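Please view the sequence and the structure together while reading.

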Amino acid sequence: MGFLIRLAITAVALWVTTLIVPGVEVSGRSGTNSALTLVVVALIFGVVNAVLKPLIKVFGCVFYLLTLGLFALVVNALLFLLTDRIARALDLPFHVDGFWAAFWGAIVMAVATWLISVVVPDRWEGR
């Protein structure tokens, strides 16, 4: 259940990102198509972050230290671009228009995910 909640939170944060950041867009033919695309892209984004981010942190820890963590913004933007490339390879109507759109998109995604996670609990406690 926690996985589905996190997936939904990421999909909603991605939708918010498409509304706020120019250059990050979902161009589905219908609302249902766009919603399904957001869920699939959220799944791709989660897998990319789960697999690559820990590896990048281990191998790039010197850059994280030298830049006082600002390197994380670049890494997040590059992972967002990678998500775009994978979505394109799967022929999904999701597009990120370059590095700066990915940079701001990753920031908005992080903030939106955090805000939604504060409101929606990760686990439902049946009491």
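Two residues are said to be in contact when heavy atoms of theirs lie within 4.5 Å. The structure is a predicted model, and the values below are computed from it.

Thr37 has its place in helix 2. Is Thr37 buried or exposed? Its relative accessible area is 4%, and the limit for a buried residue is under 20%, so Thr37 is buried. Leu38 also belongs to helix 2. With a relative accessible area of 8%, Leu38 is likewise counted as buried. The contacts of Leu38 are with Ala11, Leu14, Trp15 and Val26, again without residues up to four places away in sequence. Between Leu38 and Trp104 there are 66 residues along the chain, and their C-alpha atoms are separated by 18 Å.

Thr37 and Leu38 are among the buried residues of helix 2, a list that also includes Ser34, Val41, Ala42, Ile44, Phe45, Val48 and Asn49. Against which elements do the buried residues of helix 2 pack? They pack against helix 1, strand 1 (24-26), helix 4, strand 2 and helix 5.

The length of helix 2 can be checked by a simple calculation. Helix 2 has 29 residues, and at 1.5 Å a residue it should span 42 Å; the end C-alpha atoms are 41 Å apart, which agrees.

**The nonpolar core**

The largest nonpolar core contains 29 residues. Within this core, the residues with the most contacts are Leu14, Val24, Phe80, Phe94 and Val96. At least two core residues come from each of helix 1 (2-20), helix 2 (31-59), helix 4 (71-89), strand 2 (94-96) and helix 5 (99-119). Which helix gives the most to this core? Helix 5 does, with eight residues.

Phe80 gives a detailed view of this packing. Not counting residues up to four places away in sequence, Phe80 touches Leu14, Thr17, Val24, Phe45, Phe94, Val96, Ala102, Gly105, Ala106 and Met109.

**Segments named in the UniProt record**

The unreviewed UniProt entry places the feature "transmembrane region" at residues 33-52, 59-81 and 101-120. For two of these spans, the model can be set beside the record. Over residues 33-52 the chain is 100% helix and 0% strand, with end C-alpha atoms 28 Å apart. Residues 101-120 are 95% helix and 0% strand, and here the end C-alpha atoms lie 27 Å apart.

How many aromatic pairs does the structure hold? There are eight. One of them joins Phe99 and Phe103, whose ring centres are 6.0 Å apart and whose planes stand at 35 degrees, so the pair is tilted. Both residues lie in helix 5, four residues apart, which is about one turn of the helix. Phe99 is partly exposed at 29% relative accessibility, whereas Phe103 is buried, with a relative accessible area of 13%.

Phe103 also pairs with Trp100: this pair is edge-to-face, 5.3 Å centre to centre, with 70 degrees between the planes. Trp100 and Phe103 lie three residues apart in helix 5, about one turn of the helix. Trp100 itself is exposed, with a relative accessible area of 56%. Phe99, Trp100, Phe103 and Trp104 form one aromatic cluster.

The two pairs described above are set out here.

| Aromatic pair | Distance between centres | Angle between planes | Class |
|---|---|---|---|
| Phe99 and Phe103 | 6.0 Å | 35 degrees | tilted |
| Trp100 and Phe103 | 5.3 Å | 70 degrees | edge-to-face |

**Two residues with positive phi**

Most residues other than glycine have a negative phi. Leu68 has a positive phi of about 55 degrees although it is not a glycine. Leu68 is placed in the loop between helix 3 (61-66) and helix 4, and it is exposed, with a relative accessible area of 78%. Asp91 also has a positive phi, near 60 degrees. Asp91 lies in the loop between helix 4 and strand 2. At 69% relative accessibility, Asp91 counts as exposed.

Notes
Residues numbered from 1 in each chain as written. Predicted model: local features only at pLDDT ≥ 70, side-chain atom pairs only at ≥ 80, totals over all residues. Heavy atoms only, no water. Core = buried A, V, L, I, M, F, W, Y, C linked by side-chain atoms within 4.5 Å. Buried < 20%, exposed > 50% of the residue type's maximum accessible area, 1.4 Å probe, protein only. UniProt positions renumbered as here; feature names shortened; annotations may be inferred. Expected span 1.5 Å × (residues − 1). Phe/Tyr/Trp six-rings, centres within 6.5 Å; stacked < 30°, edge-to-face > 60°.
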